[in-house]
Amino acid sequence: DEEYLAGACMGLCQDLARYAIGRATARDLVSVQMTRDLIQEILDYLLKFDFRNGYLRRKYDGTKYALKTLETLLYELAVTGGTDDTTQEPEAKKSKTSLLEQAELEGIRSRMEYRDELREKLIKKSRDGQKAAK
């Protein structure tokens with residue numbers, strides 16, 4: 001589960017950010033916006049997880065930075081006179097569908113929460129034993 005989240009979700013966001021930077025050099029504002037929307041959708045779902053300090057937390061932070069990079073990129077394109085696609089944006093918003101496998105991600109989240117509960121119980125038992133020994 002952790003490898004799937006780290007690679008398929010969070011690693012994908014990093015790759016999408018690099019792709020969007022390449023598209024921005026070609027002034028393809030629509031692709032950059034679509035990429036930003038997808039990363040935002042992934043990040044919104046990842047907010048439901050409780051990542052502890054560790055590898056997944058660092059990857060999650062990288063995903064947040066990728067989103068921030070794209071938002072900065074879109075701002076810079078707007079300031080420098082990137083192509084104006086205000087007529088295309090509502091059409092893109094209407095046809096927006098979720099590309100995330102919600103059921104699969106929900107299953108991963110529930111399994112991770114279960115493991116966290118087991119971990120907390122084990123830590124509590126360990127502390128109880130230490131307290132009783134004193």
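Helix 1 passes helix 2 in a left-handed crossing, meaning that the near helix is turned anticlockwise from the far one by less than a right angle. The model is predicted, so local features need pLDDT of at least 70 and side-chain atom pairs count only at pLDDT 80 or more, while totals for chains, interfaces and linings use all residues. Residues are numbered from 1 along each chain as its sequence is written, and side-chain values use heavy atoms, with hydrogens and water left out.

The protein chain has five helices and zero strands. Its pattern, read along the sequence, is α-α-α-α-α. Helices (H or I, at least four residues) and strands (E, at least two) are DSSP runs, numbered from the N terminus. Of the 134 residues in the protein chain, 33% are buried. Buried stands for under 20% relative accessible area, exposed for over 50%, and partly exposed for what lies in between (1.4 Å probe, protein chains only). Among contacts between residues at least 6 apart in sequence, 83% join residues at least 24 apart; a contact means heavy atoms within 4.5 Å.

Two packed helices are described by the angle between their axes and the distance between the axes. For helix 1 (residues 2-25) and helix 2 (residues 29-46), the axes come within 9 Å and cross at roughly 160°. Axes here are lines fitted to C-alpha atoms, for helices over the stretch in contact, and angles run from 0 to 180 degrees between N-to-C directions. Helix 1 and helix 2 are therefore roughly antiparallel to each other. Angles under 35 degrees count as roughly parallel, over 145 as roughly antiparallel, 65 to 115 as roughly perpendicular and the rest as oblique.

On the helix 1 side, the residues that meet helix 2 include Leu5, Cys9, Met10, Cys13 and Leu16. Their counterparts in helix 2 include Val32, Thr35, Leu38, Ile39 and Ile42. By class, the contact of helix 1 with helix 2 has 15 nonpolar, two polar and one charged residues. In this scheme Ala, Val, Leu, Ile, Met, Phe, Trp, Tyr, Cys and Pro are nonpolar, Asp, Glu, Lys and Arg are charged, and the others, Gly among them, are polar.

Arg27 is found in the loop between helix 1 and helix 2. Most residues other than glycine have a negative phi. Arg27, however, has a positive phi, near 60°. Arg27 is partly exposed, with a relative accessible area of 36%.

Leaving aside residues up to four places away in sequence, Thr63 touches Met10, Cys13, Gln14, Ile39 and Leu43. Of these, Met10, Cys13 and Ile39 also take part in the contact of helix 1 with helix 2.

Helix 1 also packs against helix 5 (residues 102-133), at an angle of about 140° and with the axes 10 Å apart. That makes helix 1 oblique to helix 5. This crossing, too, is left-handed. Glu2, Tyr4, Leu5 and Cys9 of helix 1 make the contact with Glu104, Leu105, Ile108, Met112 and Arg115 of helix 5. By class, the contact of helix 1 with helix 5 has six nonpolar, no polar and three charged residues. Leu105, in helix 5, is buried, with a relative accessible area of 4%. Leu105 and Phe49 are 56 residues apart in sequence and 9.9 Å apart in space, C-alpha to C-alpha.

Side chains of opposite charge can pair when their charged atoms come close. The structure holds six salt bridges, each a side-chain nitrogen of Lys or Arg within 4 Å of a carboxyl oxygen of Asp or Glu. One of them joins Asp15 and Arg18, with the closest N and O atoms 2.3 Å apart. Both residues lie in helix 1, three residues apart, about one turn of the helix. Asp15 is partly exposed at 42% relative accessible area, whereas Arg18, at 51%, counts as exposed. Arg36 pairs with Asp37, where the closest N and O atoms are 3.2 Å apart. In the salt bridge of Glu120 with Arg119, that distance is 3.4 Å. Glu120 is partly exposed at 37% relative accessibility, as is Arg119 at 41%. Salt bridges that share partners also join Arg57, Asp61 and Lys64 into one network.
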